[in-house]
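Please keep the sequence and the structure in view while reading.

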Amino acid sequence: MTSKKIRPGRLLKAPESFLDPQFIAEVKQHGFDETRRAFLRKSFLAASAALTAAPLGEALAAPAQGDPDILNLPPWTTTLGKPVASRPYGSPAKYEMNLVRRESPGLASVSQASVAFTPLQGMFGIITASGLHYERHHQGWEEIDPSRHRLMINGLVKRPRVYTMDDLMRLPSVSRIHFLECGANSAMEWGNVAVPTVQYTHGMLSGSEFTGVLLSTLLEDAGFDRKRGQYLLAEGADGSSMTRTLPMERVLDDCLVAYGMNGEMLRPENGYPLRLVAPGIQGVSWVKWLRRLEVGDKPWNAKDETSQYADLMPDGMQRQYATIQEAKSVITSPSGGQKLIDKGFYNVTGLAWTGRGKVKRVDVSFDGGINWHAARLEQPVLPKALTRFNIDWVWNGAPAILQSRVIDDTGFVQPTYTQLREVRGTRSVYHNNAIQSWKVAESGEVSNVQV
Amino acid sequence: MRLPIVFGCFAAAVTLTAQADYAGVGRDATPAEVAAWDIDVRPDFLGLPPGSGSVEDGEELWIEKCSSCHGDFGDANHVFPPLIGNTTTEDIETGHVASLKKGGAVRTTIAKVSTVSTLWDFINRAMPWNAPKSLSTDQVYAILAYLLNLAEIVPNDYVLSNENIAEVQQRMPNRNGMTRDHGMWTIDGKPDTHNTACMKNCKKEATILSSLPDYARGANGDLSKQNREYGPVRGVPTPEPGAAAPAAAATDDKTPGPPTAILAANGCTGCHGMDQKVVGPAFSHVAEKYHGQADIVSRLSGRIRNGGSGSWGSIPMPPQPQLTDAEIQTIVEWLAAGAKH
């Protein structure tokens with residue numbers, strides 16, 4: 001049924017005599033205008049939904065010669081288009097409204113301390129559209145007046161400093177492409193399969209180009225204590241005033257305070273006007289609405305370093321400061337909750353990333369991990385950034401299990417669920433980087449499984 | 001944490017040119033500015049302001065400011081996993097919470113947190129959730145004393161202060177329950193797992209360990225509406241559990257859906273659940289209570305605009321002057337039609 005409906009652009013056999021003679025007469029008389037075309041489309045869909053294989057309908061004279069969307073010029077080919085700047089900011093086509101950020105029901109009971117996941121199942125390349133960047137807040141999001149925003153640096157520094165946005169945007173600026181993944185991405189899947197699609201299994205993930213000032217620039221300006229200052233605390237300006245401890249070694253390497261994201265200012269949900277960018281490190285440390293940095297000689301044990309974002313190990317100990325996001329990959333299409341429209345050729349596509357450096361290789365299996373094939377890595381392959389992979393596949397209609405497995409430039413190979421659970425059990429909540437499996441049924445329907 | 005400011009303005013200006021030469025960019029923070037923002041408290045109590053508060057005062061404050069979300073005994077589960085519970089006197093002795101190892105029990109905050117400074121710091125910076133930073137220093141001590149008393153860490157007549165908080169640390173049930181022994185803090189740390197990149201005949205067969213139960217297929221909504229309607233794949237239609245056939249619902253049902261955007265943008269959902277009381281009543285309960293009443297529209301419009309208390313309890317609903325009349329009308333029409341969601 002739906003498999004017929006879902007193949008636009010193909011020459012479909014018309015179900016027999018679903019058009020009444022009067023309609024055919026009208027078409028002959030008035031031509032195949034928009035009213036009649038719309039009617040035809042509707043009844044054709046209805047009819048093809050009701051019938052399966054049917055012989056060529058004599059009634060459908062025009063489609064028999066080819067695709068009506070070719071034979072009959074569509075309105076966009078025969079009308080004047082809209083003027084410039086009719087949508088001064090711009091927005092996606094109205095046909096794209098299915099791909100939006102979504103909450104997962106039951107995960108949180110209040111939407112200000114919740115997650116909205118990125119629709120990875122329909123996205124391309126390595127940059128996440130800013131409007132689809134996932135959201136995770138603990139106490140709601142704010143829209144801060146940038147002219148009243150301040151960044152303070154204090155603690156083990158010669159001179160505690162204050163910067164306005166005017167100041168920060170005058171300083172030497174860098175632009176870097178990096179991935180951002182919540183430490184709790186894939187958390188629901190630790191024990192067993194729990195959610196249907198890649199939006200919910202992996203959608204606390206994004207890739208963006210960030211523009212801002214290196215933290216090393218600011219810390220030097222404040223004259224920080226290089227010897228004793230082994231830790232940095234970052235703190236937000238929102239109600240939660242989220243705090244996280246960062247290792248100074250990481251901070252001086254490549255962390256920045258960013259105001260820009262993908263060519264424009266950060267979106268409010270992502271920390272406008274200023275956030276921390278901590279490449280390779282879990283998302284919770286990328287403090288949003290950043291107001292303060294403090295240099296210290298010991299970690300802080302903040303709420304989100306003890307009660308939350310600590311990984312419970314099988315021996316009952318909680319692992320603190322598991323900071324680096326290890327190598328992980330996932331096939332984004334075809335993926336759970338999708339259905340292949342037909343047998344034949346497909347471009348299987350997905351994302352790979354590692355907090356320790358660059359992606360070296362991605363392998364894909366179509367038989368649940370028995371045999372593997374190296375995928376094509378799209379350029380650019382950047383450190384601590386999403387890497388897009390693609391691989392050709394001809395689906396012969398038989399059941400299959402699709403998996404991807406990343407290898408990073410340290411030689412680390414993404415683990416299976418069994419390997420990961422052997423060390424970390426199933427109650428860790430955070431840092432699930434196991435190989436994801438998608439089962440393809442004979443019907444073409446894809447579902448989430450663990451192998 | 002605070003450091004004495006050793007440089008005056010003049011000295012700072014000299015250092016600036018000598019050091020980085022970002023002339024005219026940024027300035028030194030004043031001591032008052034640093035004091036206003038530097039609120040963090042470390043495990044060694046660096047940054048903890050002097051003050052005190054009793055269990056008794058804490059109980060009163062808790063009922064007034066915290067219990068609506070966290071329950072009278074810190075045990076409520078509806079806004080967040082409970083704060084208190086699942087620790088024992090034995091845990092207080094050992095500093096290891098046995099229920100974490102054993103599993104099966106809800107992981108409460110007091111079971112997980114290893115340092116009492118964490119609780120002081122967090123309550124002071126972020127709670128109450130809908131009015132962060134509204135507590136005085138002594139109120140934070142008092143509320144924390146009450147929570148510690150609920151967990152049987154301090155006795156009923158305890159007065160917690162900056163003087164004795166270090167003793168309390170020695171009784172935190174999970175004080176020895178944290179480890180930093182792992183390879184995920186440094187970039188070149190040792191990983192836990194050691195998979196190999198085998199390419200051919202890596203195993204005999206692929207065994208499925210877990211798959212999505214049928215009842216969960218629609219739990220995240222209709223997946224056909226979460227994918228493009230063209231391209232190599234389509235979303236699988238998955239009616240939500242209990243939902244009527246989609247076609248019938250679409251044609252017959254004119255009941256308005258929830259004005260989600262307005263409710264979210266104005267913080268209503270912070271205090272009202274769809275089916276759950278949070279601070280205020282669940283929207284479905286409001287709809288039920290006034291169902292069919294002639295003055296429902298005028299009554300609720302007025303209440304949303306002006307706030308007030310007494311219909312559901314003593315906690316007041318704050319006034320909402322920012323809402324437009326049209327927004328209020330949308331909300332009230334939705335409530336009057338049964339608050340369908």
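The buried residues in question, in a helix that runs over residues 296-306, are B:Ile296, B:Leu300 and B:Ile304; buried means under 20% relative accessible area, exposed over 50%, and partly exposed in between, with a 1.4 Å probe and protein chains only.

Seen down the axis of H15(B), these buried residues fall within an arc of 45 degrees, so they line one face of the helix, the arc being that of the directions from the helix axis to the C-beta atoms. An α-helix has 3.6 residues a turn, so residues three or four places apart point the same way. On the other side of H15(B), B:Ser298 and B:Asn306 are exposed, and the helix is followed by B:Gly307, whose phi is positive, near 65 degrees.

## Basis of the model

This is a predicted model in which local features need pLDDT of at least 70 and side-chain atom pairs count only at pLDDT 80 or more, whereas totals for chains, interfaces and linings use all residues. Residues are numbered from 1 along each chain as its sequence is written, chains are lettered from A and ligands numbered from 1 in the order in which they are written, and side-chain values use heavy atoms, with hydrogens and water left out.

## Helix H16 and chain B as a whole

In H16(B), the buried residues are B:Ile328, B:Ile331, B:Val332, B:Trp334 and B:Leu335. They cover an arc of only 160 degrees around the axis, which puts them on the same side of H16(B), and their cover includes helix H12 (260-265), H14 and H15 of chain B. The 12 residues of H16(B) should span 16 Å at 1.5 Å a residue, and the end C-alpha atoms are 16 Å apart, which agrees; the expected span is 1.5 Å times one less than the number of residues. After H16(B) comes B:Gly338, with a positive phi near 110 degrees.

Chain B contains 16 helices and 6 strands, and 43% of its 341 residues count as buried. Of the contacts in chain B with a separation of 6 or more, 57% are between residues 24 or more positions apart.

## Aromatic pairs

Over all chains, a search of the whole structure finds 10 aromatic pairs; rings of Phe, Tyr and Trp (its six-membered ring) pair if their centres lie within 6.5 Å, and planes under 30 degrees apart count as stacked, over 60 as edge-to-face and the rest as tilted. A:Tyr321 and B:Trp185 form an edge-to-face pair, 5.4 Å centre to centre with 70 degrees between the planes. This pair crosses between chains, from the loop between strand E14 (318-319) and strand E15 (328-333) of chain A, which holds A:Tyr321, to the loop between strand E4 (178-179) and strand E5 (210-211) of chain B, which holds B:Trp185. Both A:Tyr321 and B:Trp185 are buried, and together with A:Tyr231 they form one aromatic cluster.

Within chain B, B:Trp120 and B:Tyr141 also form an edge-to-face pair, at 5.3 Å centre to centre and 65 degrees between the planes. B:Trp120 lies in helix H8 (residues 116-126) and B:Tyr141 in helix H9 (residues 137-150) of chain B, so the pair ties together parts that are 21 residues apart in sequence. Both B:Trp120 and B:Tyr141 are buried.

## Charges over rings

The charged end of A:Arg405 sits over the ring of A:Trp372, 4.2 Å from its centre, and B:Lys289 lies over the face of B:Trp312, at 4.4 Å from the ring centre. A charge sits over a ring if NZ of Lys or CZ of Arg is within 6 Å of the ring centre and within 35 degrees of the ring normal.

## Backbone details in loops

A cis peptide bond joins A:Tyr272 and A:Pro273, with omega about 5 degrees, and the bond from A:Gln379 to A:Pro380 is cis with omega near 0 degrees. A:Val429, although not a glycine, has a positive phi of about 65 degrees, and at 28% relative accessibility A:Val429 counts as partly exposed. B:Asn86, in the loop between helix H4 (67-70) and helix H5 (89-94) of chain B, likewise has a positive phi, near 65 degrees.

Definitions and conventions: Helices (H or I, at least four residues) and strands (E, at least two) are DSSP runs, numbered from the N terminus. Contact means heavy atoms within 4.5 Å.
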